[in-house]
Structures are given as C-alpha cells and as structure tokens.
Amino acid sequence: MKPDTITAVIAVAAVVSPVLTAWINNYYKNLADQRINDDKLRLEKQKQEEAKHQKFIEQNVRIRTIYEKYAEYTLELITSRGTSSVQEQGKYFGLAMIYVDNSVTDRMSELQKLLIGENDKIGAMEQDRYEIANDEFYIIALKLRKLINSLPKE
C-alpha cells in the first residue's frame, strides 16, 4: 500500500470513529432514558391502581360498617324497648337507606315506623310493637347479611 492511501484511511477513520462512537452512545443513552420513563410511567400507573383499589376497599368497609351499625343499634333499640340508641339508630337507618336495595328499603321503613311509634300496642289485636319489630328485624338482618356477603371482595 502506498503511504498516501494509508494516510487517507487513517484520516477517514479519525473522522468516522468519533462520529460512530457518538451515535452509538446517543442511541444507548436514549434507550436508557426510555426505560427510565417507562418505569416512571409504570410506577405512576401502579400507584393510581393501588389508590383506586384502596378507595374501593374503603368504600366496601364503609358500607359494611353502616349495615352492621344499623343492625346493632336497631337490635339494641328493640331490646331496650325504645329507651336507648334512638339517635344512633336513626343516623344509621338514614345511612343504610342510601346503600340498601329496594328489597330492603320498604321493610326498613316499616320497621322504623314501628320503632318511633307512640303506642306500645298496635293493630286490632293490640300486638306489642317491639315483638313485631323484632320479627321484622330478623327478616331485615337476613337481607343485610346477603348484601354484606355480596359486597365485592378484594
């Protein structure tokens, strides 16, 4: 080979080598940046999904608690024959009415009328309203149990 050819090859290599090195480095840096961005996006999406799931769980726990508190205070009101838990029972009655389905609302309303009524004896046969309320509550409690069990699990 002639010295001029060798010099020309070295000159071309001296120009092409840094350009090629820069291009390769830039390519792999862009890949790394893209991975970092993908990881950030994935983490953000995962956080959003976890927050959504947590809200879902909290809502189900809230509904379950309302049903349970309604049942607890209603039974306490029945067994105390109207002398305790009137305000708490009324509060949870109102909250439970928001979440129960139509198969329960009518029964709950009828039970509430029995619980807040004035007379201990009702109807033509003068039945004890708390005995009737207890029977009605039993039916409602069974329906509430079904509603609680039908709440979505995690």
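At what angle do the axes of helix H1 and helix H2 cross? Keep that in mind as you load the model, which is a predicted one.

**Stop 1: H1 and H2**

Select residues 3-79 for H1 and residues 86-99 for H2. Their axes come within 8 Å and cross at roughly 140°. Since antiparallel needs an angle over 145 degrees, H1 counts as oblique to H2. The crossing here is left-handed.

Now show the side chains where the two helices touch. On the H1 side, pick Gln59, Arg62, Ile63, Ile66, Tyr67, Lys69, Tyr70, Tyr73, Thr74 and Leu77. Their partners in H2 are Val86, Glu88, Gln89, Tyr92, Phe93, Leu95, Ala96 and Tyr99. Colour this contact by residue type and you will find twelve nonpolar, three polar and three charged residues.

**Stop 2: the loop at Ser84**

Next, click on Ser84, placed in the loop between H1 and H2. Is Ser84 buried, exposed or partly exposed? Its relative accessibility is 22%, so Ser84 counts as partly exposed. Setting aside neighbours within four places in sequence, Ser84 is in contact with Glu76 and Leu77. For a sense of scale, draw a C-alpha to C-alpha distance from Ser84 to Lys52: these two are 32 residues apart in sequence and 39 Å apart in space.

**Stop 3: along H1 to Glu72**

Step back into helix H1 and select Glu72. With 39% relative accessibility, Glu72 is classed as partly exposed. Another distance to draw runs from Glu72 to Leu41, where 31 residues along the chain correspond to a C-alpha separation of 46 Å.

**Stop 4: H1 and H4**

Bring H4 into view beside H1. The axes of this pair come within 10 Å and cross at roughly 165°. That angle makes H1 roughly antiparallel to H4, and the crossing is left-handed.

From H1, highlight Arg64, Tyr67, Glu68, Tyr70, Ala71, Thr74, Leu75, Leu77 and Ile78. The contact of H1 with H4 is made up of 13 nonpolar, two polar and two charged residues.

**Stop 5: H3 and H4**

Leave H4 on screen and turn to H3. These helices pack at about 150°, with axes 9 Å apart, and are therefore roughly antiparallel to each other. Again, look for a left-handed crossing between H3 and H4.

H3 brings Ser103, Val104, Arg107, Met108, Leu111, Leu114, Leu115 and Ile116 to the contact. By type, the contact of H3 with H4 holds 13 nonpolar residues, one polar and four charged.

**Stop 6: the core**

Finish inside the largest nonpolar core. How many residues does the largest nonpolar core have? There are 25, and those with the most contacts inside it are Tyr67, Tyr70, Met108 and Leu111. H1, H2, H3 (102-116) and H4 (129-150) are the elements that each give two or more residues to this core. H1 gives the most, with eight residues.

Leaving out neighbours within four places in sequence, Met108 is in contact with Tyr70, Phe93, Ala96, Met97, Val100 and Ile140.

How values were computed
Residues are numbered from 1 along each chain as its sequence is written. This is a predicted model: local features need pLDDT of at least 70, side-chain atom pairs count only at pLDDT 80 or more; totals for chains, interfaces and linings use all residues. Side-chain values use heavy atoms; hydrogens and water are left out. Axes are lines fitted to C-alpha atoms, for helices over the stretch in contact, and angles run from 0 to 180 degrees between N-to-C directions. Helices (H or I, at least four residues) and strands (E, at least two) are DSSP runs, numbered from the N terminus. Angles under 35 degrees count as roughly parallel, over 145 as roughly antiparallel, 65 to 115 as roughly perpendicular and the rest as oblique. A crossing is left-handed if the near helix is turned anticlockwise from the far one by less than a right angle, and right-handed if clockwise. Contact means heavy atoms within 4.5 Å. Ala, Val, Leu, Ile, Met, Phe, Trp, Tyr, Cys and Pro count as nonpolar, Asp, Glu, Lys and Arg as charged, and the others, Gly among them, as polar. A nonpolar core is a set of buried Ala, Val, Leu, Ile, Met, Phe, Trp, Tyr and Cys residues joined through side-chain atoms within 4.5 Å. Buried means under 20% relative accessible area, exposed over 50%, partly exposed in between (1.4 Å probe, protein chains only).
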